[in-house]
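Take a moment to look over the sequence and the structure shown here, and then follow the paragraphs below from one part to the next.

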Amino acid sequence: MINKRFWQGKKVLITGHTGFKGGWLSLWMKHLGAKVSGYSLSPITNKNFFNITKLKNIFEYDFRKNIQNMNDLSKAVKKIKPQIIFHLAAQPQVLESYNNPYNTVLSNTMGTTNILEIGRKFKFVKSIVIITTDKVYKNNERKIKFNEDDPLGGDDLYSSSKASADIITLSYLTSFYKNKKCGLAVARAGNCIGGGDWTKYRILTDCSNSFLKNKNLIIRNPKSKRPWQHVFEPLLGYIMLGEKIFKNKYKKFNGAWNFGPNVSNHVNVEQFAKILKRKMKSNSKLIVRLKKNDKREKTQLDLKSQKSKKLLGWRSFLNINQTLQLTADWYLAFKKDQNMFEVSKRQVKDFMKHNFL
Ligand SMILES: NC(=O)c1ccc[n+]([C@@H]2O[C@H](COP(=O)([O-])OP(=O)(O)OC[C@H]3O[C@@H](n4cnc5c(N)ncnc54)[C@H](O)[C@@H]3O)[C@@H](O)[C@H]2O)c1
């Protein structure tokens, strides 16, 4: 499913490499033998995957610049000369988009547009994968599953800026990339979890902070059901896409793709916390404190991933137990002060081995 020979020595640029998903993707690329470079702002949380794994060491170039700035981005790209770009740099939070709407819109729409312009400008770029989200779909809360052709929308500025980025990407594809020797795809996935995510407002951050120190965990929306997915699963989809659209040889792989989790992975927040607490061998108490219905974040939606399964051969392999076990193992190793670069690399290797990748 991944052609390891393809990735050997490929020059890859990952935007958002200092973040949770971008960090894991960078490590995976390095494991596959690619020459990885990054372009992002520096990590904003004290604890973060990038610093804890000492990831800095793997990069050919490590640019800490704003994706909104086309000049800085162009200069960086001229040095890196990437053949493949994975674009993950973004303001990725719904709640943060209420605090910083202007920055959210600029980072998510202009950042993406800048990357698309880079692909037009530089001939050495042969494939671009733009990462958006399941929140790009017009969500009227009727709990339907979305496929790639469903209408896009978004009420909050995170969702609408990502939907805009998605629409802009598809528009660039039709207008400029159809006959280029560079493929262009957009990948949509939902909330994912895994070791090393300390992003604000995420349940995993609250859980790991409590469970690592045996402190009480306050749960405010216990019955809210989410489709939990390990970060390796969407990343696998991004990697498969990056390879398939290379040089635009197989045009059917351009365009939009969903990478949703196993249906059996839907558990509510309270169940999620209970299972993770057990796996992290914690004595924390779970305290449920119901909050008034906060409509700012829409109820979770589901993705139909038949297209990815049928055409790409992508699969969602991990059930909820395996997803939480991998996550708990990472945090427990961190607690024991183990070498987190090696621990993380081993998790990627094991995931590939067990799934015959
Ligand atoms: N984590 C999830 O569950 C999830 C779900 C769906 C989609 N996504 C998407 O995946 C991508 C990565 O998300 P994440 O969870 O790793 O987020 P993260 O916050 O951990 O990482 C975001 C990255 O983007 C960089 N960044 C932000 N604004 C920037 C700017 N103006 N200029 C340059 N770099 C900037 C940050 O420095 C960081 O490297 C985002 O595009 C997000 O929308 C994430």
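An oxygen atom of the ligand is 2.7 Å from an N or O atom in the side chain of K162, and this distance, like every other one given here, belongs to a predicted model. Of the 820 Å² of accessible area that the ligand has on its own, the protein covers 91%.

If you now look at the whole shell, you will find that 26 residues surround the ligand, and that the closest of them are T18, I67, Y158, K162 and C192. By type, the residues of this shell divide into 11 nonpolar, 11 polar and four charged. Two helices, α2 (20–31) and α7 (157–177), each supply at least two residues of the shell.

Is N248 buried or exposed? Its relative accessibility is 4%, and because residues under 20% count as buried, N248 is buried.

The side chain of N248 reaches the backbone oxygen of K180 at 2.9 Å, and a polar contact of 2.8 Å joins the side chain of N248 to that of N254. When its neighbours within four places in sequence are left aside, N248 is in contact with K126, Y177, K178, K180, K181, C182, G183 and N254.

Note on methods
Residues are numbered from 1 along each chain as its sequence is written. This is a predicted model: local features need pLDDT of at least 70, side-chain atom pairs count only at pLDDT 80 or more; totals for chains, interfaces and linings use all residues. Side-chain values use heavy atoms; hydrogens and water are left out. A residue is near a molecule or strand if one of its heavy atoms lies within 4 Å of it. A polar contact is a pair of N or O atoms within 3.5 Å; within protein, one must be able to donate a hydrogen and the other to accept it, and residues adjacent in sequence count only if both atoms are side-chain atoms. Accessible areas come from the Shrake-Rupley method with a 1.4 Å probe; for residues, only the protein chains shown count as cover. Helices (H or I, at least four residues) and strands (E, at least two) are DSSP runs, numbered from the N terminus. Ala, Val, Leu, Ile, Met, Phe, Trp, Tyr, Cys and Pro count as nonpolar, Asp, Glu, Lys and Arg as charged, and the others, Gly among them, as polar. Buried means under 20% relative accessible area, exposed over 50%, partly exposed in between (1.4 Å probe, protein chains only). Contact means heavy atoms within 4.5 Å.
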